[in-house]
Amino acid sequence: MKEVKIKLSSVQDAKDFVNLAGKCDFDIDLYNRHMMIDAKSLIGVLSVDLKNVLTVKFDGEDAGFEAFLEAHKAVAESAA
């Protein structure tokens with residue numbers, strides 16, 4: 001299980017995240033404190049406070065999705 005902390009700084013980031021997650025053939029969970037959300041659900045992702053650092057957990061590999069996570073990881077680390 002891979003775990004990455006990210007920060008989605010805009011609604012567009014959230015849409016891009018869900019779009020990339022939806023292309024993956026494995027489950028992806030998004031955690032906002034104690035709440036777990038299906039990362040492939042736009043409504044679910046938009047229901048979280050985008051000011052918070054979020055934790056993404058997944059089992060699988062997808063270069064595009066992981067590149068997105070990496071690009072947003074540095075932002076999360078500097079904000080935490």
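Predicted model: local features only at pLDDT ≥ 70, side-chain atom pairs only at ≥ 80, totals over all residues.
**Exercise 1. The phenylalanine cluster**

Solution. 
Step 1. List the members. The whole structure holds four aromatic pairs.

Step 2. Take Phe 17 and Phe 65. Their ring centres lie 5.7 Å apart, and their planes meet at 45°, so this pair is tilted. The pair links distant parts of the chain. Phe 17 sits in helix H1 (residues 11-22), Phe 65 in helix H3, and 48 residues separate them.

Step 3. Check burial. Phe 17 has a relative accessible area of 0%, so Phe 17 is buried. Phe 65 also counts as buried, because its relative accessibility is 0%.

Step 4. Take Phe 58 and Phe 65. Here the centre-to-centre distance is 5.5 Å and the angle between the planes is 85°. An angle over 60 degrees counts as edge-to-face. The pair of Phe 58 and Phe 65 is therefore edge-to-face. Phe 58 is buried, as is Phe 65.

**Exercise 2. The nonpolar core**

Task: State which residues touch the most other members of the largest nonpolar core. Then say which element gives the core its largest share.

Solution. 
Step 1. The largest nonpolar core has 22 residues.

Step 2. Leu 8, Phe 17, Ile 28, Val 56, Phe 65 and Leu 69 touch the most other members.

Step 3. Sort the core by element. At least two residues come from each of S1, H1, strand S2 (28-32), S4 and H3.

Step 4. H1 supplies the largest share, four residues.

**Exercise 3. Two salt bridges**

Task: Identify the two salt bridges that a search of the whole structure finds.

Solution. 
Step 1. Pair Glu 66 with Lys 2. Their side chains form a salt bridge, at 3.4 Å from N to O. This pair links distant parts of the chain: Glu 66 in helix H3 (residues 63-79) and Lys 2 in strand S1 (residues 2-6), 64 residues apart.

Step 2. Glu 66 has 26% relative accessibility, so Glu 66 counts as partly exposed. Lys 2 is partly exposed too, because its value is 30%.

Step 3. Pair Glu 3 with Lys 57. Their closest N and O atoms are 3.7 Å apart, in a salt bridge.

Step 4. Glu 3 has a relative accessible area of 48%, so Glu 3 is partly exposed. Lys 57, at 24%, is therefore partly exposed.

**Exercise 4. What else does Lys 57 meet?**

Task: Find over which ring face Lys 57 lies. Then compare sequence and space for Lys 57 and Asp 27.

Solution. 
Step 1. Locate the residue. Lys 57 is in strand S4.

Step 2. Find the ring. Lys 57 lies over the face of Tyr 31, 4.7 Å from the ring centre.

Step 3. Compare the separations. Lys 57 and Asp 27 are 30 residues apart in sequence. Their C-alpha atoms are 8.6 Å apart in space.

Step 4. Glu 66 and Lys 7 are 59 residues apart along the chain, and 14 Å separates their C-alpha atoms.

**Exercise 5. A nonpolar surface patch**

Task: Name the residues of the nonpolar surface patch and give its area.

Solution. 
Step 1. Val 11, Leu 42 and Leu 46 make the patch. Its area is about 220 Å².

Step 2. Leu 42 belongs to helix H2 (residues 42-46).

Step 3. Patch residues need over 30% relative accessible area. Leu 42 has 34% relative accessibility, so Leu 42 counts as partly exposed.

**Exercise 6. A positive phi**

Task: Where is Arg 33 found, and is Arg 33 buried or exposed?

Solution. 
Step 1. Read the backbone. Arg 33 is not a glycine, yet its phi is positive, about 60°.

Step 2. Arg 33 is in the loop between S2 and strand S3 (35-38).

Step 3. Decide exposure. The relative accessible area of Arg 33 is 66%, so Arg 33 is exposed.

Technical notes: Residues numbered from 1 in each chain as written. Heavy atoms only, no water. Salt bridge = Lys/Arg side-chain N within 4 Å of Asp/Glu carboxyl O. Buried < 20%, exposed > 50% of the residue type's maximum accessible area, 1.4 Å probe, protein only. Patch = residues over 30% accessible without salt bridge, like charges linked within 9 Å, V, L, I, M, F, W, Y side chains within 5 Å. Areas by Shrake-Rupley, 256 points an atom, 1.4 Å probe, with all protein chains shown as cover. Phe/Tyr/Trp six-rings, centres within 6.5 Å; stacked < 30°, edge-to-face > 60°. Lys NZ or Arg CZ within 6 Å of the ring centre and 35° of its normal. Core = buried A, V, L, I, M, F, W, Y, C linked by side-chain atoms within 4.5 Å.
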